[in-house]
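Work through the exercises below with the sequence and the 3D structure at hand. Try each task before reading its solution.

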Amino acid sequence: MNVYDSARMADVLAPLGYRPVEAPEGADMVILNTCHIREKASEKVFSELGRLRQEKNRQAADEDGRRMIIAVAGCVAQAEGEEIMARAPFVDMVFGPQTYHQLPEMVARASRAAGERVLNTDFPIESKFDHLPGESASAGVSTFLSVQEGCDKFCTFCVVPYTRGAEFSRPAAQIIAEARRMVAGGTREITLLGQNVNAFHGEGRGGVTWGLARLIRELAEIDGLERIRYTTSHPRDMDDDLIAAHGEVPQLMPFVHLPVQSGSDRILAAMNRKHTADDYRRVIDRMRAARHDLALSSDFIVGFPGERDADFAETLRLVTDIGYAQAYSFKYSARPGTPAAGLGDAQVPEDVKDDRLATLQNLLNAQQVSFNEACVGTVLPVLLDKTGRRPGQLMGRSPFMQSVPVIAPGRLAGTVVDVRITAARANSLAGELVLADGLTSAAPPIDFPTPPAWEATA
Ligand code: 5AD
Ligand code: SF4
């Protein structure tokens, strides 16, 4: 979502004459768009700021006496705005994730020769989405589109409900219009974004509320939009219609990130996840019944306060039961202001967290490798979305988000092609183009992959 937000900030700043550059050296303004979700992410902010301060000091002031504007945006700004203002006097602007449509006004204030410092961590009544300009035409072959923000779930470890605020869904008409503009500009794949995206409940036509499935079905009507994904979801919000959509909407990709965090019911309850491990297993069973080739990804936290060996063993059991194509796992870190941060005595020692993380990641990595290996010999539809590092190479994505570099003519960029998978690596697949015009004669016969539902995406 920060990638999406950064792109929107660039759109807001474009009419003021700003354009993105590759490096801070010589820039007129640097915005650090920050993440507060885990301790590690937010620690980076102050070290990064130290480096920017040196760059600012190196710059000669212009004739009005101004130097580079340094801004901190995002959730660290929201949560620690006052502290940043106090600790880093060289920072000119600090603003939270709900205020960046007000950037022109903030920049005007910070650019005055007098050098006003701006702190803006409001949750404005008006939605930023009603005040943002149309996004830039070059949205990219694969693009994010924010449809829902904030969260009312209040998992006890999580800062999101405090930094991003209450749950909010954009009106469907606004989303569809944005998607149409993206597709007209060359986008072929849209990933619908939200902290709790499957809790989406936006206003649809005739004032009726639409869920995520309805929104996806409408987006699937857009000519030229080949792929739809959504992230991140909560198991509790995986409703019947969304599960059914996985079997019915061919553009909806068979890869879902559905975080479970832990396999222990005791820990899930302490986390306030509002479901058990078996509830999660049942949701996955139903999703796989709707779409046989569905691949899954998840987030896990090890060392949540009070987690015992037996709880961790339940997590390993759940991972073994589900079989993930990919996953993210983290050591629990206490986040200021969250209920779990107050569970002082129950904190798990760092070395225990390290051991559990290593064990879990070994298992998850092994699952990822075997998932990738199972793709070898199959033909997968690959969306070519970028140029590759080697000459003549394009980078693509399989339906399951695996990265697939292929040697292919540049004119195929932005299209979905069939690729015969020849080898699996830990984080990518190797493959050869099949059935592209001009190459058909040399192409080996197509093996349709098993399970047969893979054909549906071809
Ligand atoms: N400690 C560790 N991991 C966390 N996450 C969220 N909060 C914390 C925390 N306090 C992880 C969860 C979430 C992902 C985005 O970050 O797994 O799904
Ligand atoms: Fe955080 Fe996700 Fe829980 Fe919301 S559902 S509180 S975003 S972990």
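Predicted model: local features only at pLDDT ≥ 70, side-chain atom pairs only at ≥ 80, totals over all residues.

Residues are numbered from 1 along each chain as its sequence is written, chains are lettered from A and ligands numbered from 1 in the order in which they are written, and side-chain values use heavy atoms, with hydrogens and water left out.

**Exercise 1.** Find which residues surround ligand 2, and determine whether C151 is buried or exposed.

Solution. 
- Step 1: List the residues near the ligand, that is, with a heavy atom within 4 Å of it. Ligand 2 has C151, K153, F154, C155, F157, C158, V160, P161, H234 and R273 around it.
- Step 2: Compare with the record. An unreviewed UniProt entry annotates C151, C155 and C158 as "binding site"; such annotations may be inferred rather than shown by experiment.
- Step 3: Check the accessibility. C151 counts as buried because its relative accessibility is 10% (buried means under 20% relative accessible area, exposed over 50%, partly exposed in between, with a 1.4 Å probe and protein chains only).

**Exercise 2.** Work out on which side of α6 its buried residues lie.

Solution. 
- Step 1: Name the buried residues of α6: A172, I175, I176, E178, A179, M182 and V183.
- Step 2: Take their arc, given by the directions from the helix axis to the C-beta atoms. They cover an arc of only 160° around the axis, so they are on the same side of α6.
- Step 3: Look at the face turned away from the buried side, where A173 and A184 are exposed.

**Exercise 3.** Which residues does a cis peptide bond join, and what is the phi of F154?

Solution. 
- Step 1: Locate the cis bond. T231 and T232 are joined by it, with omega about 0°.
- Step 2: F154, not a glycine, has a positive phi of about 50°.
- Step 3: F154 is partly exposed, because its relative accessible area is 36%.

Key. Helix = DSSP H or I, 4+ residues; strand = E, 2+ residues; numbered from the N terminus.
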